[in-house]
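Dear colleague,

I am handing over the structure below, and after it I set out what was found. Please read the notes with the coordinates open beside them.

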Amino acid sequence: MTQQDWRKSVVYQIYPKSFNDTTGNGEGDIRGIINKLDYLNFLGVDYLWLTPIYDSPMNDNGYDIRDYYQINAQFGNESDLRELVDEAHARGLKIMLDIVINHTSTEHAWFEAARQSKESPYRDYYFFKSSEQGSPTNWESKFGGNAWQYDAQTAEYYLHLFDVTQADLNWDNPKVREALYKVINHWIDFGVDGFRFDVINLISKGDFVDSEDIGKEFYTDGPRVHEYIHEMNRATFGGKDLMTVGEMSSTTIDHCINYTKPERHELNSVFNFHHLKVDYKDGEKWTNEKFDLQQLKTILMEWQTGIYKGGGWNAIFWCNHDQPRVVSRFGKDIDEETRQQSAKTLAIVLHLLQGTPYIYQGEEIGMTDPHFTSINQYRDVESLNAYQTLKSKGYSEAEVLAILGQKSRDNSRTPMQWSADKHAGFTTGTPWIDVASNYETINVEAAMADPDSILYTYKHLIELRHTHDIITYGNIVPRYMEHPQLFVYERHYKGEIWTVVANMTDTVAYLPEDLAALSGDTIIQNGSVTEEYLEPYASYVISVEVN
Ligand code: GLC
């Protein structure tokens with residue numbers, strides 16, 4: 001592949017545990033990824049981001065790292081990873097690793113040493129605090145419950161913003177930072193091409209005092225976060241041909257501009273999640289709510305124009321391993337026709353935006369939420385905690401299952417659907433989590449055989465990004481923000497305007513006059529579009545010369 005501006009890239013996210021199993025143990029592995037490289041090459045993506053593959057007790061599916069230098073035996077070994085990197089490179093594909101450095105597993109050697117005694121040289125790698133009142137602060141874990149865990153051995157509490165087995169690292173300790181930079185440099189030397197930094201805006205903790213909320217204000221985009229990320233950049237990937245993206249929890253546009261402005265030498269790009277919270281109720285995720293299209297448009301466009309004007313860079317995405325499937329969420333999966341139309345329109349709306357698009361495994365074939373019917377089908381620690389909490393608040397089993405069915409992270413963690421074979425061709429054994437029951441219709445083999453499938457829309461969108469600079473560099477101008485059905489925006493670049501028009505609903509949408517009058521070249525189209533109206537979930541992109 002000739003060297004291209006990283007900003008023109010498209011990233012494909014792989015959740016190895018659910019991607020492809022070659023051993024028959026019901027869990028995916030690195031060899032399984034190697035076997036599918038030709039497929040990913042056919043799709044045309046540039047980077048593959050693998051969620052964590054390091055040694056881990058897997059309480060949070062690898063986001064609880066026990067050893068940063070070892071590969072999780074479940075996924076294979078270092079020579080498998082070597083082969084994956086080499087085979088990917090031979091095809092012009094690049095590999096990004098997931099770096100989880102806000103916390104480690106409590107089984108990490110540092111934590112095991114730290115918890116031994118207050119005098120341990122590793123004590124200050126984490127946040128251990130004493131408390132008379134039963135908890136140093138009233139902060140809550142993002143997975144529910146107290147963020148502090150009492151450790152009887154030394155009669156102090158340690159901080160865990162996530163699971164109780166994920167202890168937060170103390171970045172104020174220079175030894176911690178040095179040890180983490182060494183980890184990153186190890187993987188740079190190994191030959192990977194980029195990194196996704198897990199919850200990286202939580203690394204700088206402020207004061208340890210009680211919160212009026214759950215504690216977020218004391219560690220989100222914390223006091224020294226920019227200083228630390230800048231230092232990490234200088235000590236590791238900065239100045240090298242490596243792509244970086246930071247996962248930013250509850251962040252702001254201003255912070256994200258600063259995280260990504262090239263002259264600040266922090267990161268290339270950032271994920272934020274505000275546009276996905278449009279089916280929360282009063283900020284609460286564990287509810288069963290319809291999504292709000294107006295809010296979705298408003299938030300996306302605020303971020304698009306804000307980041308663009310500020311000279312920063314967005315990652316753009318609908319799906320990942322923590323989110324439900326977009327076709328079930330902002331589209332509709334009630335029948336085949338509607339699933340296909342809504343998935344294609346959602347793809348078009350996202351891939352014409354400004355920023356780096358991410359495709360989560362299976363999104364490109366329109367995989368849906370699995371619509372689980374029993375709590376026994378769920379595996380995710382956050383979902384299982386939520387189940388208990390909701391039950392204890394008095395919700396009925398059916399209500400809780402409806403909420404999990406809409407919000408659980410397991411919605412996107414079911415096995416990749418490769419074919420109509422048993423277990424969707426994912427494994428010859430018993431999958432670690434159930435395959436969605438629609439795999440006989442929705443699978444890669446079927447999608448490849450049908451030139452009208454969602455897969456070819458994604459392939460086409462990736463090609464467009466590679467060949468048309470307007471998608472990467474063009475200014476973005478929101479249109480018809482108040483329209484109750486249409487999502488409309490323009491891209492402007494070098495005497496050309498592309499107008500993206502999408503009916504985001506399941507009813508016919510009539511076009512405003514000036515859109516109906518627009519004439520130019522159609523770049524891509526989905527569904528039936530007339531001069532007057534768009535069928536449900538139809539969309540198109542039209543190009544007009546303006547000079
Ligand atoms: C990120 C990951 C998520 C994980 C959490 C804690 O949000 O995407 O899967 O549970 O960080 O590491």
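D282 is exposed, since its relative accessible area is 77%, and the model in which this value was computed is a predicted one. The residue belongs to the loop between β13 (269-271) and α8, and its phi is near 45 degrees, which is a positive value in a residue other than glycine. Most residues other than glycine have a negative phi. H423, which is not a glycine either, likewise has a positive phi, of about 50 degrees, and H423 is placed in the loop between α12 and α13 (444-449).

Helix α7 (residues 253-260) packs with helix α8 (residues 293-310) at an angle of about 45 degrees, and the two axes are 9 Å apart. That angle makes α7 oblique to α8, and their crossing is right-handed. On the side of α7 the residues that meet the partner are I253, C256 and I257, while α8 brings E302, W303, G306, I307 and G310. Sorted by class, the residues of the contact of α7 with α8 are five nonpolar, two polar and one charged.

Helix α5 (residues 174-190) and helix α6 (residues 225-235) also pack at an angle of about 45 degrees, here with their axes 10 Å apart. The two helices, α5 and α6, are therefore oblique to each other, and the crossing of α5 and α6 is right-handed. R177, Y181, I184 and N185 of α5 make this contact together with Y228, E231, M232 and A235 of α6. In the contact of α5 with α6 there are five nonpolar residues, one polar residue and two charged residues.

The aromatic residues deserve a separate paragraph. A search of the whole structure finds 37 aromatic pairs, and two of them are described here. In the pair of Y68 and W110 the ring centres are 6.0 Å apart and the planes stand at 40 degrees, so the pair is tilted. This pair links distant parts of the chain, with Y68 in strand β4 (residues 67-71) and W110 in helix α4 (residues 109-114), 42 residues apart. Both partners are buried, Y68 at 2% relative accessibility and W110 with a relative accessible area of 14%.

The pair of W318 and F330 is edge-to-face, with 5.7 Å from centre to centre and 75 degrees between the planes. Because W318 lies in the loop between β14 (315-316) and α9 (326-329) and F330 in the loop between α9 and α10 (336-351), this pair ties together parts that are 12 residues apart in sequence. W318 is buried, and F330 is buried as well. Ring pairs also link F127, W139, W148, F208, F218 and Y219 into a cluster.

How is Q323 placed, buried or exposed? Q323 sits in the loop between β14 and α9, and at 8% relative accessibility it counts as buried, because the cut-off for that class is under 20%. When residues up to four places away in sequence are not counted, Q323 touches F273, L276, W318, R329 and S412. W318, one of these contacts of Q323, is also a partner in the edge-to-face pair with F330.

V209, found in the loop between β11 (194-197) and α6, is partly exposed, as its relative accessible area is 39%. Leaving aside neighbours within four places in sequence, V209 is in contact with T137, W139 and F218, and W139 and F218 are among the residues that ring pairs link into the cluster. V209 and G394 are 185 residues apart in sequence, and their C-alpha atoms are 31 Å apart in space.

Finally, there is helix α12 (residues 397-407), whose buried residues are V400, L401, I403, L404, G405, Q406 and K407. What covers these buried residues of α12 includes α11 (381-392).

With kind regards

Methods: Residues numbered from 1 in each chain as written. Predicted model: local features only at pLDDT ≥ 70, side-chain atom pairs only at ≥ 80, totals over all residues. Heavy atoms only, no water. Axes fitted to C-alpha atoms, helices over the stretch in contact; angles between N-to-C directions. Helix = DSSP H or I, 4+ residues; strand = E, 2+ residues; numbered from the N terminus. Parallel < 35°, antiparallel > 145°, perpendicular 65-115°, else oblique. Left-handed = near helix turned anticlockwise from the far one by under 90°. Contact = heavy atoms within 4.5 Å. Nonpolar A, V, L, I, M, F, W, Y, C, P; charged D, E, K, R; others polar. Phe/Tyr/Trp six-rings, centres within 6.5 Å; stacked < 30°, edge-to-face > 60°. Buried < 20%, exposed > 50% of the residue type's maximum accessible area, 1.4 Å probe, protein only.
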